[in-house]
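I opened this notebook to keep track of what I looked up, one topic at a time. The entries below follow the order in which I went through the chain.

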Amino acid sequence: MHIISASKLFLCDENFTILENFAFAFDEVILEINKIEILKQKYPNAKLIETKPNSLILPAFINPHTHLEFSANAYTLHFGDFFTWLKSVIQSRQSLSKEAKEELIDKTLTQMQKTGTATIGEISSFGSDLKPCVKHSMRVIFFNEILGANALQNAEKKQEFLKRFEKSLEFKNERFIPAVSIHSPYSTNLELAEFGISLAKKHNMLLSTHFLESKAENLWLRKTSGEFKQWLGNFTPNPKPLYTIDEFITLFKDLRTLFTHCVYLKEFELLNPNLHSITHCAFSNRLLSQKSLRLEKVFKSGLNVHLGTDGLSSNISLSMLDEMRANLLIHKDFDLNVLSKKLLLMATLYPAKALNLNLGTLSVGKIADFSVFEIEKCDNSQLPLQFILNAKEVQKLFIKGQQCKF
């Protein structure tokens, strides 16, 4: 058992409570939050963990959408338009995947921890990220991804996916949690989607999908027009969308699913607020979609919306702090201090709920995933904003009560 104290605690509860000069006792979970003198009397054998005088403790960040297999990207992929980017991905994905060796992915995971992230949702397209994710101390929700538009290739696609999927099951434990990703409505035909979803149901797994990320996808699904029609026309005569928007969402009925992007979604009422959530990747959307999620409308809908970085295929950083800073600049219709608190919840409490994990807030009974940062003296009314603007790396990071070694 340990006791740790700080000058400030962000509980990251729904009210965004800030405690001053408090401490908490913990082992694998948080046992009690109180003044340090009281905790020392109650737990005389607990080991005290020292922190600097101006320190802040908050729940470790949760990044539910990464693509580590593209960790080698810099200068290679093209930005500014989704289809420009997509063509560059198709051209370069094999070479980028080869460059993203185990050592690079391990280094990327460690850098994420240094910026306060303890849990990620990794979208695995090829399985080359499996070993580093299994070996690392990061908690990983490992979304095995399935895709394929051509039904003639379904048997081959199923076999390849099943091999990766079953391999991931061999390593399942409390820190490595296999899951399923259905890539998108423009890339995954119904048979493959239902195959992946059936496996998720069988194993009681989480689901993730990319949805309505670009103008091209929006025109394709809604009007059967635009660049997807031209592109797919190169491979099949008179191409048609694989789904309507309603049909695609219905695939995930009664299933816990993270819908990533949704910048062109209008029908928020079709999502189930008890099971469905939206992963908002603002930086990626700016580079590829030229449009951002309407946060205020999503908040009013009652849906869980949380932050993700996407991969280095469409971002320059996997730091949740950098992603929050991008959100501060993009969402200009919010008061900065109000938005700052919301963004911190979107990096802690809200993704924990979306992933159905006992994490995301400093409260009794929650798993002891938390980070310690050094801060300057600051009024509490400004502290969340100033923390996002200035924080870079942690002093300490704990996952299930164990301090990470960098």
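**Entry 1, the two domains.** In this predicted model, I looked up where the domains meet, and I found 29 residues of domain 1 in contact with 32 residues of domain 2. The assignment I used divides the protein chain into domain 1, made of 2-60 + 360-403, and domain 2, which covers 61-355. For the C-alpha centres of domain 1 and domain 2 I noted a separation of 31 Å.

Which residues touch the most other members of the largest nonpolar core? I wrote down Phe 10, Phe 61, Phe 211, Ile 278, Met 324, Leu 344 and Phe 387, out of 85 residues in that core. Both domain 1 and domain 2 give residues to this core, so I recorded that it lies between them. I then followed Leu 344 and, leaving aside its neighbours within four places in sequence, found it in contact with Phe 10, Phe 16, Leu 58, Phe 61, Met 324, Pro 384, Phe 387 and Ile 388. I also noted a second, separate core of 15 residues, which includes Phe 26, Ile 57, Phe 370 and Val 372.

I counted 22 aromatic pairs by the rule I was using. Phe 10 and Phe 387 are both buried. I looked next at Phe 248 and Phe 252, whose ring centres lie 5.3 Å apart with planes at 70°, so this pair is edge-to-face as well, and both Phe 248 and Phe 252 are buried. I also marked one aromatic cluster, formed by Phe 82, Phe 83, Trp 85, Tyr 186, Phe 228 and Trp 231.

In what order do the 8 strands of the open sheet run? I read the order as 6-7-8-9-10-11-12-13, with parallel pairing. Strand 6 (61-66) and strand 13 (304-307) stand at the edges with a single partner strand each, so one side of each is left without a neighbour in the sheet. Ignoring direction, I noted that neighbouring strands of this sheet are turned by 25° against each other on average. Helix 3 (residues 102-114) packs on the sheet, where it touches strand 6 and strand 7 (117-124), and its direction makes about 140° with that of strand 7. Further along, I found strand 9 (residues 176-182) paired with strand 10 (residues 207-211) in the parallel sense over 3 bridges, and the bridge partner of Ile 182 in strand 10 is Thr 209.

I looked up two residues other than glycine with positive phi values, Asn 204 near 55° and Leu 212 near 50°. Asn 204 lies in the loop between helix 6 (190-202) and strand 10, while Leu 212 is found in the loop between strand 10 and helix 7 (215-223). Is Asn 204 buried or exposed? The cut-off for exposed is over 50% relative accessible area, and Asn 204, at 72% relative accessibility, counts as exposed. Leu 212, by contrast, has a relative accessible area of 0% and is buried.

How values were computed: Residues are numbered from 1 along each chain as its sequence is written. This is a predicted model: local features need pLDDT of at least 70, side-chain atom pairs count only at pLDDT 80 or more; totals for chains, interfaces and linings use all residues. Side-chain values use heavy atoms; hydrogens and water are left out. Two strands pair if DSSP finds at least two bridges between them. Helices (H or I, at least four residues) and strands (E, at least two) are DSSP runs, numbered from the N terminus. Axes are lines fitted to C-alpha atoms, for helices over the stretch in contact, and angles run from 0 to 180 degrees between N-to-C directions. Contact means heavy atoms within 4.5 Å. A nonpolar core is a set of buried Ala, Val, Leu, Ile, Met, Phe, Trp, Tyr and Cys residues joined through side-chain atoms within 4.5 Å. Buried means under 20% relative accessible area, exposed over 50%, partly exposed in between (1.4 Å probe, protein chains only). Domain bounds come from an automatic or database domain assignment. Rings of Phe, Tyr and Trp (its six-membered ring) pair if their centres lie within 6.5 Å; planes under 30 degrees apart count as stacked, over 60 as edge-to-face and the rest as tilted.
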